[in-house]
Amino acid sequence: MAFSAKTSQNPLHPNLQNPKTLKPKTSFLSVKPKTQSFSSKFAQIVRVVDTQKTSSLATQNPNSRLNELCLNGSLEQALKYLDSMQELNICVDEDVLLNLVRLCEWRRAYDEGLHLHSVASKTMTHLSVKIGNAFLSMFVRFGDLGHAWYVFGKMCERDLFSWNVLIGGYAKAGFFDEALSLYQRMFWVGGVKPDVYTFPCVLRTCGGVPDLKRGKEVHVHVLRFGFEADVDVVNALITMYVKCADLVSARLVFDGMPRRDRISWNAMISGYFENEEYVEGLKLFNMMREVLIDPDFMTMSSVISASELLGDERLGREVHGYVMKMGFCDEVSVCNSLIEMYSSFGNWGEGEQIFSRMEFKDVVSWTTMISGYEDNMLPDKAVETYKMMETEGIMPDEITIASVVSACASLGKLDLGIKLHKLANRTGFISYVIVANTLIDMYSKCKCINKALEVFHRIPVKNVISWTSIILGLRLNNRCFDALIFFRQMKLNLRPNAVTLVSVLSACARIGALMCGKEIHAHALRTGVGFDGFLPNAVLDMYVRCGRMELAWSQFNSNKRDVSAWNILLTGFAEQGQGAVAVEFFCRMIDSKVSPDDITFIALLCACSRSGMVTEGIEYFNSMKQLYSVTPNLKHYACIVDLLGRVGKLDEAHEFIQKMPMKPDAAIWGALLNACRIHQWVELGELAAERIFETETKHVGYYILLCNLYADSGKWDEVAKVRKMMRDEGLTVDPGCSWVEVKGEVHAFLSGDNFHPQIKEINSVLEGFYEKMKAVGFGGSEYGCISEVEASKAEIFCGHSERLAVAFGLINTAPGMPILVTKNLYTCQMCHNTVKFISKNVRRDISVRDTEQFHHFKDGICSCGDEGYWQRLGKSES
């Protein structure tokens with residue numbers, strides 16, 4: 001096809017294929033239709049376009065007809081007509097082609113515009129300024145910068161409009177460096193002087209980077225070319241300085257303006273707010289009112305946001321009153337800001353009223369209300385509002401989806417979470433990292449860690465929150481070993497923040513990874529976050545749960561002693577069965593003027609329970625409300641049931657439950673079931689289990705307790721029934737797993753693990769100990785006299801994995817080095833006696849932390865005083 005002028009260039013969208021190539025004739029550029037054959041050939045064109053108007057169009061000029069179709073907006077017919085003209089080698093006038101390109105741009109017809117450009121590029125080596133600018137404007141409007149750049153390159157000449165359009169296109173797409181480079185080329189190579197349209201675009205780009213140095217250079221150009229009095233240019237200068245955090249320069253420019261419009265005031269006021277200079281921004285707002293410049297909805301939205309960020313509800317209400325006085329209540333953006341402000345103050349009811357009075361609600365309105373509920377711990381209302389939004393036919397955006405997924409995580413609504421995941425995939429919102437991160441959190445809290453990992457691995461560019469979410473998710477799903485692996489991978493590319501370190505320290509605490517925890521503690525101190533937020537207490541918790549109380553004391557004494565720090569140490573004493581120490585520590589806490597909270601009393605009552613301090617425990621329970629203004633909750637009642645039950649006062653424990661002022665939950669009946677398991681009271685245990693399964697059927701721990709009760713009583717048929725119930729509910733008992741840390745690396749051992757590289761050495765070491773135990777008549781080995789019931793129960797609910805971990809530690813550490821093993825199940829009598837014998841034989845300190853308590857073995861003696869529940873059971877039988 002030929003054009004009577006050079007065609008403009010349009011860059012092709014990189015993800016789209018080229019349209020089917022048309023075959024222009026070589027003589028098409030120069031050939032003009034002959035008058036003699038025109039009527040017969042052009043009749044064919046007319047039939048293609050409109051068969052009903054053949055006779056009237058046969059005598060019409062083709063370019064006039066094509067132009068008429070363009071002016072009428074008949075793009076499809078115009079393109080068919082153009083194709084027919086191409087077949088006949090009929091030239092197209094430049095003005096007609098120009099109209100056709102503009103029609104494609106106006107109709108957002110990307111494929112058709114691409115077709116025009118393809119035809120033009122095959123027939124024209126260069127494009128005129130007029131046609132080139134048309135194609136350039138079209139492709140920039142389509143966001144196709146690749147083809148825009150190609151068009152720009154094919155233009156024989158470029159004017160200021162050409163440069164402005166391309167610079168603006170790159171800036172709008174976020175390619176700030178490229179836009180600034182184009183500006184430099186225009187200025188120094190193109191020989192084109194910038195105008196009033198160039199400077200605002202370039203200055204916004206400098207602010208977007210931000211690049212203060214280049215921004216100041218552009219400021220010099222503004223002065224050189226005499227645009228310092230142009231309001232639009234100076235407003236852009238203010239915005240640039242604000243974005244570059246140079247408020248002094250921004251204010252100098254603002255104060256030097258001979259004339260200011262409302263945009264000038266808004267730019268400076270919002271600039272103060274964006275840079276956290278709220279008071280200065282509010283002063284300028286008052287000055288704006290004094291000089292009788294009426295604020296608009298943009299001004300009011302900024303001032304409302306400032307009130308929110310200041311946390312000043314009184315100021316916010318005053319601003320709200322001013323909004324009503326000025327008549328901005330119908331502005332959607334202002335109402336959205338008010339809803340967000342009241343939600344941030346915890347006054348979600350006020351925000352709810354504003355929301356309900358809005359005649360028109362956009363997606364931001366719904367999202368603000370949903371996120372407000374979520375932030376105020378009202379996930380049920382957030383989900384309910386989202387369902388109303390769906391009913392109204394409002395399409396959610398990425399923030400909406402993230403907020404509702406977060407609410408699903410809080411409520412455990414996996415079905416709705418999966419539905420939102422599918423919606424995010426369909427709409428493409430899954431590409432937003434905030435959506436992916438909340439999905440990871442939701443799947444993790446709903447115990448679907450494999451789905452969380454799937455989402456994580458599909459994130460192309462993971463941020464710190466992505467890594468932190470998956471590390472925390474792995475920890476919540478008891479995959480702490482994997483959490484440490486992910487943390488090491490994260491450090492290769494990103495710097496973890498305090499929240500990440502808290503999550504990974506929790507994983508270290510769970511599996512007893514003391515050396516890893518120490519490394520993370522050192523990393524936190526080196527990077528300057530060691531004293532941020534909850535991190536000092538997370539370090540303290542790690543040392544306590546690893547059984548290193550001397551390190552815990554050092555950490556406790558070197559940091560702020562808030563109530564959480566006291567609670568962590570109290571919990572540590574409770575886990576180690578040191579009730580008397582816990583009581584003494586609680587007294588020190590009170591003397592230090594630290595007010596206890598509900599967690600304090602849970603730790604204190606647990607310590608009393610595990611030490612058999614019944615009288616003291618009941619006294620503390622009764623004094624909670626009277627002396628310390630702490631109202632007992634269900635967890636405290638569960639502690640008292642456990643306290644009474646452990647010492648065999650099962651009737652009193654049952655009576656205590658029946659007299660509770662609130663309905664007992666599964667945890668309270670679970671405490672009674674555990675006591676029945678310890679003391680082999682099957683009938684009462686069955687009653688407790690019946691109450692538990694009325695409300696809680698998915699918690700595997702209660703089934704294990706019931707199995708243990710039946711196994712201790714030798715009722716293996718009942719054990720089989722309970723295990724069938726578990727299978728029907730889709731529940732499985734975690735295999736016995738023990739972790740031991742050697743030279744800073746954590747090693748995991750599963751029950752019956754025969755695949756470890758050192759398994760032969762490990763088994764050889766253990767066999768040696770078994771032989772020695774047999775020789776000296778030490779009970780509890782594989783070859784000792786253990787009852788059949790205990791041996792069978794131990795195989796199911798213990799797994800003996802700690803033996804493998806202890807043997808591995810002996811092989812791979814220097815003589816005399818202490819060994820710390822952490823286990824996910826309880827320690828059976830056989831394993832307890834075996835480790836006790838090993839500690840005496842090798843003269844090593846060995847610590848085993850199971851689900852029940854700490855066992856510190858030294859010289860053949862355990863810190864529990866051999867008071868494992870198997871021992872307590874024996875005492876109760878005697």
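A residue is called buried under 20% relative accessible area, exposed over 50%, and partly exposed in between, using a 1.4 Å probe and protein chains only. By that definition Trp467, at 10% relative accessibility, is buried.

Before I continue, a word on the source. This is a predicted model, in which local features need pLDDT of at least 70 and side-chain atom pairs count only at pLDDT 80 or more, while totals for chains, interfaces and linings use all residues. Residues are numbered from 1 along each chain as its sequence is written, and side-chain values use heavy atoms, with hydrogens and water left out.

Let me begin with the aromatic rings. Rings of Phe, Tyr and Trp (for Trp, its six-membered ring) pair if their centres lie within 6.5 Å; planes under 30 degrees apart count as stacked, over 60 as edge-to-face, and the rest as tilted. A search of the whole structure finds 32 aromatic pairs. In one of them, the ring centres of Phe355 and Trp366 are 5.0 Å apart and the planes stand at 80°, so the pair is edge-to-face. Helices (H or I, at least four residues) and strands (E, at least two) are DSSP runs, numbered from the N terminus. Phe355 belongs to helix 20 (residues 348-357) and Trp366 to helix 21 (residues 363-375), so the pair ties together parts that are 11 residues apart in sequence. Phe355 is buried at 8% relative accessibility, and Trp366 is buried with a relative accessible area of 5%.

Phe456 and Trp467 also form an edge-to-face aromatic pair, with 5.0 Å centre to centre and 80° between the planes. Here Phe456 sits in helix 26 (residues 449-457) and Trp467 in helix 27 (residues 464-476), 11 residues apart. Phe456 is buried, at 1% relative accessibility.

Which charged residue sits over the ring of Phe456? It is Lys462, whose charged end is 5.1 Å from the ring centre. The criterion is that NZ of Lys or CZ of Arg is within 6 Å of the ring centre and within 35 degrees of the ring normal. Arg158 likewise lies over the face of Phe152, at 4.3 Å from the ring centre.

Further along, ring pairs link Trp553, Phe556, Trp566, Phe573 and Phe585 into a cluster. Phe585 brings us to helix 34, where Gly579, Ala582, Val583, Phe585, Phe586 and Met589 are buried. Viewed down the axis of helix 34, the buried residues fall within an arc of 165°, so they line one face of the helix; the arc is that of the directions from the helix axis to the C-beta atoms. An α-helix has 3.6 residues a turn, so residues three or four places apart point the same way. On the other side of helix 34, Ala580, Glu584 and Asp591 are exposed. The cover over the buried residues of helix 34 includes helix 32 (549-557), helix 33 (563-575), helix 35 (598-610) and helix 36 (614-628), where contact means heavy atoms within 4.5 Å.

The length of helix 34 can also be checked. The expected span of a helix is 1.5 Å times one less than its number of residues. The 13 residues of helix 34 (residues 579-591) should therefore span 18 Å, and the end C-alpha atoms are 19 Å apart, which agrees.

I turn now to the strands. In strand 1 (residues 737-742), 6 of the 6 residues are buried, so the strand is largely enclosed by the rest of the structure. Cys737, Trp739 and Glu741 are buried on one side, and Ser738, Val740 and Val742 on the other. Two strands pair if DSSP finds at least two bridges between them. Strand 1 pairs with strand 2 (residues 745-750) in the antiparallel sense over 6 bridges, and with strand 3 (residues 819-823), also antiparallel, over 3 bridges. Val740 has His747 as its bridge partner in strand 2 and stands opposite Val821 in strand 3. Strands 1 and 2 form a hairpin with 2 residues between them, and Lys743 in the turn has a positive phi of about 55°.

Finally, some backbone exceptions. Most residues other than glycine have a negative phi, and most peptide bonds are trans. Glu276, in the loop between helix 15 (262-274) and helix 16 (278-290), has a positive phi of about 65° and is exposed, with a relative accessible area of 58%. Asn478 has a positive phi of about 60° and is partly exposed, at 41%. A cis peptide bond joins Val209 and Pro210, with omega about -10°.
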